[in-house]
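I opened the two-chain file to take notes on its parts and contacts. The entries follow in the order in which I looked things up.

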Amino acid sequence: MGKKNLTLSRTLKTTVIEKQQQTDQLRPELNKNYNRLLQDFSDNADVVFKEFTIYHQVKVLLCYVEGISDEQNVHDGIVRPLVRLTCPERFDSDFTVTNFCQTDSVLKLLKNKILTIGNISTSSSYKKIVECLLIGMSVVIIDGSREALVVGTERQIGRPITEPMTEVSVLGPQEAFTESLYINYSLIRQRLRTKNLKINTLIIGVEAKSMVGIAYVEGIVNPKIVKELKKRLQRIQIDGVLDSAVIEEFIRDSPFSIFPTVRRTERVDSCTASLLEGRVAIVVDRSPLVLLAPSVFFDYIMAAEDYYDPPIAATLLRFLRLIALHIALILPALYISFVTYHHEMVPNPLLISVAIQREEVPYPALIEAFIMEAVFEILREAGLRLPRVAGQAVSIVGALVIGEAAVRAGLVSPAMVIVVALTAIASFVIPRYTLGFAIRILRFPLMLLASVFGLYGVILGYMAILIHLAGLRSFGMPYLYPIAPSDASGLKDSLIRVPWWAMLHRPAIFLNADKRQRVAPNQRPKPPIKRRK
Amino acid sequence: MRKTMYLTIVLLLSSFLNGCWDRQELNQLSIVTAAAIDKVDEEYMLTTSIIRPVAMTATGGDGGTSTATGDGVWIALSYGSTIHEAEIELNRRASRTAYWGQNRIIVIGEEVAREGVHQVIDMLTRYPELRLNTWILVARGLASDIVVSVPQLEKSASAELTGLITRQEGWAHGQKTALFQILRNSNSPAKEPLITAVTTAEIHPANLEHEGQQPTPSKGVEVYGCAVLKEGKLVGWLDKEETLGAHWIIGDIERRAIFIDGPDGKPISIQLLDGESQFVADLTVEPHKITIFIETEGNIIENQGNREIETTESFQWLGKEVEREIQRELNLAIEKSRAYQSDFFGFGRTIYRQDPSAWRQLEAEWSDYLAEKLVVETVVTVTLRRAGMNRQFINP
C-alpha cells in the first residue's frame, strides 16, 4: 500500500515537472504543432487528424477525438465548410490575395463566418488545446497562426433521466440526476431560471481531468462558504475523480467522523431547494450524486416528500423517523441491558416470558445479540451485492436461518429475533443512506457498552454520540443547527415542518443576513372578506 | 489526533476490566414473584414463590414457547433466625440466585404481625432489590398458605393476589397498602396503616357437577377485611362491614352497593359512586370534636319490591335510609378504632394539621383520648340521582 502511494506521488510529480519544461505556446509552424500532437497522441486510435488546404495555400489541421465529440456536429459545422474552401470557385468576394498571408484574419474569418458552430473560442496554449480535445471539443490549427480555434463539439453521453433510486418519494418530482454533467446542469437550470444561479466548472484530476461543477445562487449564498469550498476543491491533487464520493472525502470536515457532513443527493428538487436555502451544490461529471454543502444533522432525517405532504403529516413523519432512528441505534443495547442488568424495569409478565424464551439459549445476551445482528448485516450485504437472480435464494435462507432454525436450535430467543427485525426495519426508515451507515456502526459499540455497564453505559454512549454531533461542523456550520445553536426560524423546518406560507425565512446560518426572507408574510389562505352593503 | 485515539482505545479497553460486575443473565436468576413471612417455633419461615421458566418452555412444533407443561411456579420454604438468614438458606437448595426485583407481594403471617410488622418492614426496606411498591398483605393464620394457594384466574398466586388488591379496591374490600405507604405512615405523626387481611377459602368449581363428579374445591384466597395495627403491631381485624365503614371515612370509595329494605319491606340495591370524606376538627371544645362529612351519590340498581319508587319523594326517603345504613357502618368502624385504640383514620393527624401545639399536648395520652374522650360526629349526605337504565317501574 505504502509503496503504491509512493509511485503514484512520483508520477504526479514527474508530470508536473514535464509540463514546466515544455513550452506551452503553440508554434506558428503547423507541422511542428502537428508533430507534437501526433507524438502526444501516439498509440491512440480514436484521435482523428484531418488536414485541409484552404484558399490554395493555407494549411489547416482539424483534430478531434472520436466518440466523445459529436461526429455529426464536426462534420456539418467544421468539415463541410472547410472542404468548400478548398475549392477556389467558392472563395468569398471580400477575401483578397493580399490578405492571404495575414493568417490571423483567416482565423477570424473561420471563426466568424465559415464555421457554423456557436461555441468557438481561440487559444494559444497547447495544454489548453489538449484538455479541450479530451473533453470532446474539436481543435482547428491554422498554419502560421499562434492561435488555434477551439470548437465546442462535445457529445452528451448519458442515460436518460430516470427516477431516483435511493431517495424514493411517492409525491413530487421524479427526476434524478444522471451521470452527465451537462444534463445535470440543465436539470438545475430548468428549476432555477435566474441569472443569479452561478455554475463554475473546475478540472480536477491530474490524469483523468474530471470536470467538477460548483453551483450556487449568488445573493443568497454566503460568499465565505463558496470561497472556502473553492479553496478546498483546488487543493485536491489526485489522478482522477471517479465519483462525487471522492470529492466528498477530500472536502469534508472531520474526515474520520462516521456522520456525513456533506450531503449526497440524486434528487433534482432536493438540490434546487438546497441552493435556494443558500447551500452550494457540487456536481461531478460521471456521477449521479450531487454534493450539497454545508449540511446539518436534520437534513438527514428529512425526506424530499416532507415538503409535498401536508405539514401535519410531514411533522409526524419526522418524529416517526427520529423514533425509528433511535430504535435502530439503541434497541439491541436496551435489550441487552434489560436482560442482563435491569430486570426490574421490565413489566413482570414480559420479563417472565422473556425468561422462558431465554431459558434454552446458551449464550449471554450480548453474544446472542451480536450473532443476530451480525447475521442480519451479512444477509443485508449479501442481498445488496448478489446478482438479482440469486436474491430469492438468499431471502429464503435468511428467513429460515434467522426466523426459524436459529430459534429452534436454541441459538437465539424469539425476543431477540423481534429486536433484530425491529432494528432492521427501523434502520430502513432513515431517509438518507449515508446516515444509515453511522447508525448501523454505532449500534455495536452501544451494545458492548450495554453489556458492560448496563443502561448507564447506553446513556454514556448516547451522550458521547451527542457530544460528537454537537462538536461537528460542516463548512463552519454547527451540525446540530437549529437545535444547537437554537434558532427559532430554523426550527420551523427541522423536527416540525410548518406550512409553506409560514416558512418565512431561510435558515439563518447559511446565508447573507439581508437575504433571509423566503416567503412574503401574511399569505395564509383565508376566506374572502364579506363586504356588507 | 494519535493521542486522542490511544486515549480512546485505552478507555474503551478499561471498560472490560471490571468484568461486567453486575451482570446477571436471566437464565441465572430465579425470579421471586411472591413471598410469605411466618414465624414457626421462634424461627422465621420464608415461603417464596419462584417462577420456573423451564416448566413453561416447550420446544414444540411451531418453534415457539407455550406455557402448557408442568407447574410454572416453585414454592420454596426456608428457615432462619432472621428473614435474611432464611433467604440465604434458600440458596442452599436453589441452583439460581433469587431475584427480588420483580416481587409484587409480601404476605406477613398473623404471628409475625402480632410481634410487629416493623421488624419485617425494616429488612424489606434495607434490601436494595426489593421495590418500595411491593404490596403488603397480612394473613389470618399462616401466610404460607396464601402463597401456596391455587390461583383461579391468573397464572400465579402472585398475579392473583395483585389483582385482588389493586383491581377490587374500588369495592372497598381491603386496603391497598404498599411498602412505601407503611414507611410513610411510620414517619408521620398519628396515623396507623390499615393493611388488607387475606384468608384462605375453599373455592368450588361450579361446572363439574353435571358430569357426575364430586367437585373438589381448590384452596383459594379471599379478602377478609383489614388488619389493624397499633404501633406497628397487629392488634385486631376489621371484618367486612367494618372495613366498608372504614373506607367511607378514608374517603376512597369508588363504587359500593348498599342493600336496604324498601317501603314494602322488600330489599332494594343501591349503587353508590365516589364516596368523599372531609374531617373537621373542633379544638375549642373539650373534649375535642371531630366531624366527618361524607358525601356520595347513587343509583337504584335493583328493586325486589312491587312498589313504584321512581318518584322524588321515594328518592328522598331512600336517600335517608341509605344515610342511616352508612351511619351504621361508620359507627362500627369508629367503635373498632376506639376498641383497638388504633388511630387508623388519622384523627390525630387532623388535629395536628389544624393545631400542632394542641396535638403535642395530646400526643402522649392519645390512645386513651381516642378511646374514651374524643367525640366523633358523622354527617352523611346521599344524593340519589338515577333509577338505573330503566326509568319505569315494571308493573307485574
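How far apart do the C-alpha centres of domain 1 of chain B and domain 2 of chain B lie? I get 33 Å between the C-alpha centres of domain 1 of chain B and domain 2 of chain B.

**Conventions.** I am working on a predicted model, where local features need pLDDT of at least 70, side-chain atom pairs count only at pLDDT 80 or more, and totals for chains, interfaces and linings use all residues. Residues are numbered from 1 along each chain as its sequence is written, while chains are lettered from A and ligands numbered from 1 in the order in which they are written.

**Domains of chain B.** I noted domain 1 of chain B as 27-205 + 215-238 and domain 2 of chain B as 254-396; such bounds come from an automatic or database domain assignment. Their contact takes 16 residues from domain 1 of chain B and 16 residues from domain 2 of chain B, with two residues in contact if their C-beta atoms, placed from the backbone, lie within 7 Å. On the domain 1 side of this contact, β8 (218-230) and β9 (233-238) of chain B each supply at least two residues. Helices (H or I, at least four residues) and strands (E, at least two) are DSSP runs, numbered from the N terminus. I then sorted the side of domain 1 of chain B that touches domain 2 of chain B by class and found 10 nonpolar, three polar and three charged residues. In this scheme Ala, Val, Leu, Ile, Met, Phe, Trp, Tyr, Cys and Pro count as nonpolar, Asp, Glu, Lys and Arg as charged, and the others, Gly among them, as polar.

**Sheet in chain B.** I traced an open sheet of four strands in chain B, in the order β10-β11-β12-β13 and with mixed pairing; two strands pair if DSSP finds at least two bridges between them. β10 (253-261) and β13 (375-386) of chain B are the edge strands, each pairing on one side only. From one strand to the next the twist averages 35°. Angles run from 0 to 180 degrees between N-to-C directions, and axes are lines fitted to C-alpha atoms, for helices over the stretch in contact. Strand β12 (residues 289-303) of chain B runs parallel to β13(B), and 11 bridges join them. I picked out Ile290(B), whose bridge partner in β13(B) is Val376(B).

Which helices pack on this sheet? Helix α10 (residues 312-340) of chain B does, touching β10, β11 (267-282), β12 and β13 of chain B, and its direction makes about 145° with that of β13(B). Helix α11 (residues 347-354) of chain B also packs there, on β11 and β12 of chain B, at about 40° to the direction of β11(B).

The unreviewed UniProt entry places "domain: Spore germination GerAC-like C-terminal" on residues 225-388 of chain B. UniProt positions are given in the numbering used here, feature names are shortened, and annotations may be inferred rather than shown by experiment. Over residues 225-388 of chain B I read 39% helix and 39% strand, with the end C-alpha atoms 29 Å apart.

An unreviewed UniProt entry puts "transmembrane region" on residues 319-341, 415-434 and 446-470 of chain A. Residues 319-341 of chain A are 96% helix and 0% strand, and their end C-alpha atoms are 29 Å apart. Residues 446-470 of chain A are also 96% helix and 0% strand, with the end C-alpha atoms 19 Å apart.

**Helix pair in chain A.** The axes of helix α10 (residues 311-340) and helix α16 (residues 455-471) of chain A come within 9 Å and cross at roughly 155°. That makes α10(A) roughly antiparallel to α16(A) (angles under 35 degrees count as roughly parallel, over 145 as roughly antiparallel, 65 to 115 as roughly perpendicular and the rest as oblique). Ile330(A), Ala333(A), Leu334(A) and Ser337(A) of α10(A) meet Leu455(A), Val458(A) and Tyr462(A) of α16(A).

**Sheet in chain A.** I found an open sheet of five strands with antiparallel pairing, in the order β1-β2-β4-β5-β3 (chain A). β1 (47-54) and β3 (120-123) of chain A stand at the edges with a single partner strand each, so one side of each has no neighbour in the sheet. Eight bridges join β1(A) to the antiparallel strand β2 (residues 58-65) of chain A. Val48(A) stands opposite Tyr64(A) in β2(A).
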